[in-house]
Amino acid sequence: AWIKVLFDDQPVCADAAKATAITEALVAWQKEIHATLYHGQPVTLPCPLVLKTNEPTALNDWCVGFMEGMFMEENSWYEGDEDLIADLTLPMVVLSDLIDEPELQPLRRDPKLSRELAQQIPDVLTELYLHFYAPRTI
């Protein structure tokens with residue numbers, strides 16, 4: 001399902017062999033990310049954790065993509081521990097600029113705080129992954 005969403009329900013590529021190779025590479029990358037996160041290691045984002053004042057960056061775009069993926073299954077994200085998920089997703093919420101809440105504006109306007117939020121993203125992704133996928137211990 002995520003491949004269809006990634007390519008906006010369009011063919012991956014007109015050439016069937018290339019489409020298969022691209023899909024296989026993406027699935028392998030997904031497995032690599034899963035393994036990294038499952039072992040509690042932060043992932044390396046496909047963009048620098050850099051922000052610019054009044055100018056969108058690749059990191060802002062990545063956060064938009066993260067949020068769009070989250071919106072696809074929003075109810076399942078917040079089941080169980082809504083406050084924890086809201087706290088953990090705060091960096092992506094703020095940097096995506098998709099949620100227009102007045103209380104987020106001061107965070108967006110503060111360059112130092114925005115940079116701090118950006119730097120938290122790899123660790124936050126690990127925490128989110130482990131929250132949803134790591135075996136629960138009693």
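Thr126 lies in helix α8, which spans residues 111–133. The model examined here is predicted. Thr126 has a relative accessible area of 6%. The residue therefore counts as buried, the cut-off being under 20%.

The surroundings of Thr126 were examined next. Its side chain reaches the backbone oxygen of Pro122, at 3.1 Å. Beyond the neighbours within four places in sequence, Thr126 is in contact with Leu37, Gly40, Gln41, Pro42 and Val43.

The fold of the whole chain provides the setting. The protein chain contains 8 helices and 0 strands. From the N terminus, its elements follow the order α-α-α-α-α-α-α-α. Along the principal axes, the C-alpha atoms fill a box of roughly 50 × 45 × 25 Å. Contacts between residues at least 6 apart in sequence were also classified by separation. Of these, 57% join residues at least 24 apart.

The protein chain has 138 residues, of which 28% count as buried. Thr126 is one of the buried residues.

The protein chain carries 9 positive and 23 negative side chains. The centres of the two sets lie 7 Å apart.

Technical notes
Residues are numbered from 1 along each chain as its sequence is written. This is a predicted model: local features need pLDDT of at least 70, side-chain atom pairs count only at pLDDT 80 or more; totals for chains, interfaces and linings use all residues. Side-chain values use heavy atoms; hydrogens and water are left out. Helices (H or I, at least four residues) and strands (E, at least two) are DSSP runs, numbered from the N terminus. Buried means under 20% relative accessible area, exposed over 50%, partly exposed in between (1.4 Å probe, protein chains only). Contact means heavy atoms within 4.5 Å. Lys and Arg count as positive and Asp and Glu as negative; His and the chain ends are not counted. The place of a charge is taken as NZ of Lys, CZ of Arg, CG of Asp or CD of Glu. A polar contact is a pair of N or O atoms within 3.5 Å; within protein, one must be able to donate a hydrogen and the other to accept it, and residues adjacent in sequence count only if both atoms are side-chain atoms.
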